[in-house]
Amino acid sequence: MEREVDFDRVEYATNRNLEDDEGNENGHIKMFSYDNETFFYDMTCPYCGNSFEGEDELGSRPWWIECPECTRSTNVFRIKDAHDRKVKERGADTDEVPDV
Ligand SMILES: [Zn+2]
């Protein structure tokens with residue numbers, strides 16, 4: 001179920017583990033986009049271990065992917081969000097709920 005990625009065209013890519021409620025990294029997501037609008041993902045659900053893939057248009061945050069098997073949703077933040085999170089960790093003012 002590996003999706004071919006054309007890295008010459010990729011604008012955005014992420015590849016990281018996903019945690020369940022206890023913080024166990026049971027899941028994984030690989031996500032990429034060629035235009036920063038349509039995102040393709042290949043995900044292993046951290047809650048039930050189901051692997052699935054799909055594509056979606058990423059709008060505004062927060063962005064969630066729902067597992068078709070157990071219907072739990074996982075919050076997926078983008079590279080920009082990861083940067084924001086670092087700012088939060090440094091203690092900058094924010095009125096947003098952290099991603100974790
Ligand atoms: Zn699941």
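# Legends to the close-up views

**View 1. In the largest nonpolar core, which has 14 residues, I29, M31, Y41, M43, F52, W63 and I65 touch the most other members.** A nonpolar core here is a set of buried Ala, Val, Leu, Ile, Met, Phe, Trp, Tyr and Cys residues joined through side-chain atoms within 4.5 Å. Strands β1 (12-18), β2 (27-33) and β3 each supply at least two residues of this core. The most come from β3, which gives 3 residues. The model is predicted: local features need pLDDT of at least 70, side-chain atom pairs count only at pLDDT 80 or more, and totals for chains, interfaces and linings use all residues. Residues are numbered from 1 along each chain as its sequence is written, and side-chain values use heavy atoms, with hydrogens and water left out.

**View 2. The whole protein has 1 helix and 6 strands.** Helices (H or I, at least four residues) and strands (E, at least two) are DSSP runs, numbered from the N terminus. Along the sequence the pattern reads β-β-β-β-β-β-α. Of the 100 residues, 30% count as buried. Buried means under 20% relative accessible area, exposed over 50%, and partly exposed in between (1.4 Å probe, protein chains only).

**View 3. Strand β3 pairs with β2 and with β4.** Two strands pair if DSSP finds at least two bridges between them. β2 and β3 run antiparallel over 6 bridges. M31 has Y41 in β3 as its bridge partner. The hairpin of β2 and β3 has 4 residues between the strands, and N36 takes a positive phi near 60 degrees. On the other pairing, 7 bridges join β3 (residues 38-44) to the antiparallel β4 (residues 51-57). M43 stands opposite F52 in β4, and T44 has S51 as its bridge partner there. This hairpin has 6 residues between β3 and β4, and G49 in the turn has a positive phi of about 80 degrees. In β3, 5 of the 7 residues are buried, so the strand is largely enclosed by the rest of the structure.

**View 4. Four cysteines hold the zinc ion: C45, C48, C67 and C70.** Each gives its SG atom, and the donors lie 2.3 Å from the zinc ion. Donors are N, O and S atoms within 2.8 Å of the metal (3.2 Å for Na, K and Ca); water is not among the atoms, so sites may look incomplete. Angles among the 4 donor atoms are 107 to 112 degrees, and the site is tetrahedral (for four donors, all angles between 85 and 135 degrees). The spacing along the chain is C-x2-C-x18-C-x2-C. C48 lies in the loop between β3 and β4, and C67 in the loop between β5 (64-66) and β6 (73-75), so the pair ties together parts that are 19 residues apart in sequence. C48 is partly exposed, at 37% relative accessibility, whereas C67 is buried, at 1%.

**View 5. I65 touches I29, Y41, M43, F52, R72, S73, T74 and V76.** Residues up to four places away in sequence are not counted. Contact means heavy atoms within 4.5 Å.

**View 6. R16 is found in strand β1.** Its relative accessible area is 21%, so R16 is partly exposed. The C-alpha atoms of R16 and H28 are separated by 5.8 Å, with the two residues 12 apart along the chain.

Methods:
Four donors count as tetrahedral if all angles lie between 85 and 135 degrees; four count as square planar and six as octahedral if opposite donors are over 155 degrees apart and all others between 65 and 115; anything else is irregular.
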